[in-house]
There are 2 protein chains.
Amino acid sequence: MTATARKSFHAIKAEMARRIAERVWAPGALIPGEEVLAVEFGCARATVNRALQELARGGVLVRKRKAGTRVALHPMREARFVIPIVRQEIENKGGAYQFRLVSNVVEKAPACVTKRLGITKAKDMLHVRCLHLSDEKPYQYEDRWINLDAVPAIRHETFETVSPNEWLVTHSPFSQAEIVFHAGLADPDEADMLDLGVNDPVFVIERLTYLPQKPITFVRMIHPGSHRMVTKL
Amino acid sequence: MTATARKSFHAIKAEMARRIAERVWAPGALIPGEEVLAVEFGCARATVNRALQELARGGVLVRKRKAGTRVALHPMREARFVIPIVRQEIENKGGAYQFRLVSNVVEKAPACVTKRLGITKAKDMLHVRCLHLSDEKPYQYEDRWINLDAVPAIRHETFETVSPNEWLVTHSPFSQAEIVFHAGLADPDEADMLDLGVNDPVFVIERLTYLPQKPITFVRMIHPGSHRMVTKL
DNA sequence: TGACATAATATGTATATACATAATAATGGT
DNA sequence: ACCATTATTATGTATATACATATTATGTCA
């Protein structure tokens, strides 16, 4: 490392990842301490520390003070899915985006919705349904309930140019969210919207967002079953 | 903070997250530089840097050299799903885990499988199918093809006590993986295994794993459609 | 022996400093 | 005006040092 070759934590991280992948460091095994590794790699302990911390955060290493660092026994890697705004998702795939507002009314939310949002008593909420299209073909049907107490300003939005999702993203912050994926069968409403037969499979993404102590919105985003969510790691 | 109160990057990160959530720093806005923030928070630039980097990695900030740091315009938060080993998943939910080996043979892999694995010509592969049960009820049906060139040792494994997934996790490293989620209809085979009617919806997780230039395995993990994958953020 | 205090140790974090790098802004020549 | 060169600037990274903290190992006293 005389002139140029400062060891970067990237390189060190990669080398350690290799050792883990190739079983040089076996699952469950205790690996050398930071000082030792720092000497081995010819760098400062802080550099090794950063590499180790990132690997630990990725789940391939488990670290405990005094006990040392060991290779995770079950590297149950986590898959990260980005859930982009539909428009971006469609445009990224090269489709032409359009959306159609299906309905936009204030009405009593059904129990299944209020329950999910942690609201105990029946309540008027804004119910917005719309359809997102890619190249004129139905791509996603969005069925959303919005808590007017949390975002009163949305009451007067017409959603002629912005979708409710985009409106909320730019106007309403949230601090917590819950996302659920599951499979289901298209109900008549959904089938009609998505040009599917009744009882065709659908891929459902549900999202709940909250501010501390204040539910904001509950959405069901329904895709044809053939929709694929892909991630690489 | 004279004596004890060293500002931790955690506190700083939390405060900055609050400012973003509460729109003190609006989406798209340029936030102060590291030096400025360091002065404001009364800490070293490195500490601010760490907080900023973590927020950037989480997607709420976008950083560019010289240009500065700004709040992400579309905080298209990423959802992180841990895909645990089925046994753990079931046991975590309090179920009693069992698994049944359905078949375990070496045979010609169909084109749809070899293609996904990037193998051009027809090839003998190990085809293992098994069923994972929670409290004696079918939970997941696993249909797996394994490249014997990549893991020759697996040929003689009987899978009487370990599931193929667990065997591979502990015996075969991988460096890359691809995961796909989608919804489908149960075919007769799957319906039979999972105690479903034909044409009931199923939730399918497909996973491909590789070493550089060497495909290892392709799995389809099929759940009843009611299966819910949940994540919070 | 057993309970409890104490030392040893690996990781965790903060800091000052220095230099690297990318991208923009300013500059100057044609 | 236009283009290329150079300066400036914000972030990115490495390092030595110091101290914090969690946890294990050890030693002491009853």
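This is a predicted model: local features need pLDDT of at least 70, side-chain atom pairs count only at pLDDT 80 or more; totals for chains, interfaces and linings use all residues.
In chain A, the domain assignment gives domain 1, covering residues 9–71, and domain 2, covering residues 86–224. The C-alpha centres of domain 1 of chain A and domain 2 of chain A lie 43 Å apart.

Helix 1 of chain A (residues 9–21) packs against helix 3 of chain A (residues 45–57) at an angle of about 50°, with the two axes 9 Å apart. Helix 1 of chain A contributes A:F9, A:I12, A:K13, A:M16 and A:A17 to the contact, while helix 3 of chain A contributes A:T47, A:V48, A:R50, A:A51, A:E54 and A:L55.

Turning to the two chains together, their contact takes 43 residues from chain A and 43 residues from chain B. On the side of chain B that touches chain A, at least two residues each are supplied by strand 4 (78–82), helix 6 (164–171), strand 8 (176–185), strand 9 (201–211) and strand 11 (229–232) of chain B. Strand 8 of chain B provides the largest share of that side, 10 residues. The residues on this side of chain B divide into 24 nonpolar, 12 polar and 7 charged.

Strand pairing also links the chains: strand 8 of chain A (residues 176–185) pairs with strand 11 of chain B in the antiparallel sense over 4 bridges. Within strand 11 of chain B, B:K232 is the bridge partner of A:E178.

Key:
Residues are numbered from 1 along each chain as its sequence is written. Chains are lettered from A and ligands numbered from 1 in the order in which they are written. Two residues are in contact if their C-beta atoms, placed from the backbone, lie within 7 Å. Ala, Val, Leu, Ile, Met, Phe, Trp, Tyr, Cys and Pro count as nonpolar, Asp, Glu, Lys and Arg as charged, and the others, Gly among them, as polar. Two strands pair if DSSP finds at least two bridges between them. Domain bounds come from an automatic or database domain assignment. Axes are lines fitted to C-alpha atoms, for helices over the stretch in contact, and angles run from 0 to 180 degrees between N-to-C directions.
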